[in-house]
Amino acid sequence: MSVIITVAPTGPIATKTDNPALPTQPEEIADAVHQAYQEGAAVAHLHLRDVNDRPTADVSVARRTIELIRERCPILIQLSTGVGLDVPFDERAALIELRPEMATLNPCSMSFGAGEFRNPPAGVERLAARMQELGIKPELEIYDTGHLDACLRLRDKGLLSGSPQFSIVLGVRGGMAATPENLTLMVGRLPEDAIWQVIAVGRHNLALTGIGLALGGNARAGLEDTLHLRKGELAPGNQQLVRRAVQLARALDRPVADVGEARKTLLTRP
């Protein structure tokens, strides 16, 4: 079974002080995504920053970033509607009006480190319905066990179409701890037709990515999830982290999906 590799080049938390290789401006993000595509990434998970490198839901910034990426390569675009903890929900949700192939759908509010990640139930339902209207594939980010149940309720209400695509997020303070036990628990609870990947934050990224691949999942790589290539060594960029994920997949005899195969798997409705 082929592995779909997603690159997450930026994220909402880290800064260039944490790792100077972090891309924050549209040209930087587009270059990083192109390099990741050349290494084997088929999906780009995008967070955006303003001119001061702060998380933003500015539609013009998003549009410019997407245009630059599409000039460089045919990678699938997945816009994050998570954006940043201080950005209002309605501003975050408005990003889907750009009609990317995919976008995140976070089903629940939660503590997130020292902050709050607010996803009000009525707003989540409206966002799910609008994504369905626009034909945008939701990436369902689940940070805890109850988040899966919330997604299944959305499906029961007819707000999710086709095979659900889950990202099992481990290691965020306020969510599930980054342990193999939590990963296997969540994988065992997924619907039979689910498509999934593991997102392990920080020092657990490499081990849990490998376990997820061994269990049959897809993989995400990039500076959003870890700033280090190995203990004590900052990653030189997203390219090297994607290359590492590709090498893990191939070591497990799992071929890496190209964009066409990823499109068919993720976006074709049964």
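Modeller: Rings of Phe, Tyr and Trp (its six-membered ring) pair if their centres lie within 6.5 Å; planes under 30 degrees apart count as stacked, over 60 as edge-to-face and the rest as tilted. The model is predicted, so local features need pLDDT of at least 70 and side-chain atom pairs pLDDT 80 or more, while totals for chains, interfaces and linings use all residues. Residues are numbered from 1 along each chain as written, and side-chain values use heavy atoms, without hydrogens and water.

Across the whole structure, a search finds three aromatic pairs. In one of them, the ring centres of Phe-112 and Phe-117 are 5.9 Å apart and the planes stand at 80°, so this pair is edge-to-face. Phe-112 and Tyr-143 also form an edge-to-face pair, with 5.9 Å from centre to centre and 70° between the planes. Helices (H or I, at least four residues) and strands (E, at least two) are DSSP runs, numbered from the N terminus. Through these ring pairs, Phe-112, Phe-117 and Tyr-143 are linked into a cluster.

Phe-117 has a relative accessible area of 5% and is buried. Tyr-143, at 8%, is buried too.

The strands come next. Strand S10 (residues 218-221) is covered on both faces: Asn-218 and Arg-220 on one side, and Ala-219 and Ala-221 on the other, are all buried. S10 runs parallel to strand S1 (residues 5-7), to which three bridges join it (strands pair if DSSP finds at least two bridges between them). Within this pairing, Thr-6 has Arg-220 as its bridge partner in S10. S10 also pairs in the parallel sense with strand S9 (residues 195-200), over two bridges. Here Asn-218 is the bridge partner of Gln-197. S9, helix H7 (residues 205-214) and S10 make a right-handed β-α-β unit; with the strands pointing away from the viewer, a right-handed path from the first strand over the helix to the second runs clockwise.

On a 1 Å grid over the protein atoms alone, a cavity is a set of points where a 1.4 Å probe fits but cannot get out, and lining residues have an atom within 4 Å of a point. The lining of the largest cavity includes Thr-6, Gln-197 and Asn-218, together with Ile-4, Val-43, Trp-196 and Leu-266. Strand S8 (165-170) and S9 are the elements that give two or more residues to this lining. S9 contributes the most, with three residues.

Among the residues lining the second largest cavity are Asn-205, Leu-206 and Thr-209, as well as Arg-220, Ala-221 and Arg-244. H7, S10 and helix H8 (238-251) each give two or more residues to that lining. The largest share, four residues, comes from H8.

Technical notes:
Buried means under 20% relative accessible area, exposed over 50%, partly exposed in between (1.4 Å probe, protein chains only). On a 1 Å grid over the protein atoms alone, a cavity is a set of points where a 1.4 Å probe fits but cannot get out, and a pocket is an open set with protein on both sides within 12 Å along at least five of seven lines; lining residues have an atom within 4 Å of a point.
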